[in-house]
Amino acid sequence: MAETVSETKVMDATRECIIDKGIRGATVTEIARRAGVSRMTIYRRWESAENLILDTHERELRMRLKQAVDLANKGTFRQRLVTLLTNFVSIAGQNRLIPRVLATNSELPEPYATQYLERSHALFTGILRKYLSAGAADGSIGTRDPSLTTALLMHVSKHLISSGILDEPGTNLEALLKEIAFLFDSYLAPRRMR
């Protein structure tokens, strides 16, 4: 569904509110104030602040995944997947919202915490499985259990994003991203290529 102008304003305000105050500080009252809309405007579209937070985070993930996918268009499917994963870690890790939500998603009450995990995993899983399947078909990715490989790639990516390693003082980002690419490439390479 396409976002309306007020939905975009509300989600942008939610994004900034989470960055500034965390998930607990992202109340409907605070979001409405920042967006310049009434609380009823928000409640007409979202049942709760938690639903709004989930939608805002999903929108951000979709945009950042699209950026990473758009950059991963050359080479074998292993090379494309390595590029996609490395760029996603870089883009999402330097993003102000995604690491903040990853670090504070435990503040979401049940069942929202479960929905958050399911929604974010579903986005990433579909893309990873597509690349893993194509890489196995072109011979550039070793044959492994696709579910286990997908889970491992997701968890490593999530940890790299939420760890803050990309923002550590004195970090040579270019060198770090080369090491991250090497990590993914080494893991995905067929055994005969190692």
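I began with burial, and found that buried residues make up 46% of the 194 residues in the protein chain; I note here that the model is a predicted one.

Next I looked up the secondary structure, where I counted nine helices and zero strands in the protein chain, so I wrote the order along the sequence as α-α-α-α-α-α-α-α-α, by the DSSP runs. For the overall extent I took the C-alpha trace, which spans about 60 × 40 × 30 Å along its principal axes.

I then turned to contacts and surface. Among contacts between residues at least 6 apart in sequence, I found that 71% join residues at least 24 apart. The accessible surface of the protein chain came to about 10,100 Å², and I noted that 55% of this surface belongs to carbon and sulfur atoms.

I recorded a volume of about 200 Å³ for the largest cavity, and listed 15 residues in its lining, of which Leu 61, Leu 102, Ser 120, Phe 124 and Lys 158 are the closest to the centre. I asked which elements give two or more residues to this lining, and the entries were helix 4 (49–71), helix 6 (98–104), helix 7 (112–138) and helix 8 (146–162). Helix 7 gives the most to the lining of the largest cavity, with five residues.

Methods
Residues numbered from 1 in each chain as written. Predicted model: local features only at pLDDT ≥ 70, side-chain atom pairs only at ≥ 80, totals over all residues. Heavy atoms only, no water. 1 Å grid on protein atoms, 1.4 Å probe; cavity = no way out; pocket = protein on both sides within 12 Å on 5 of 7 lines; lining within 4 Å. Points joined across faces, edges and corners; volume = space filled by probe spheres on them. Helix = DSSP H or I, 4+ residues; strand = E, 2+ residues; numbered from the N terminus. Buried < 20%, exposed > 50% of the residue type's maximum accessible area, 1.4 Å probe, protein only. Contact = heavy atoms within 4.5 Å. Areas by Shrake-Rupley, 256 points an atom, 1.4 Å probe, with all protein chains shown as cover.
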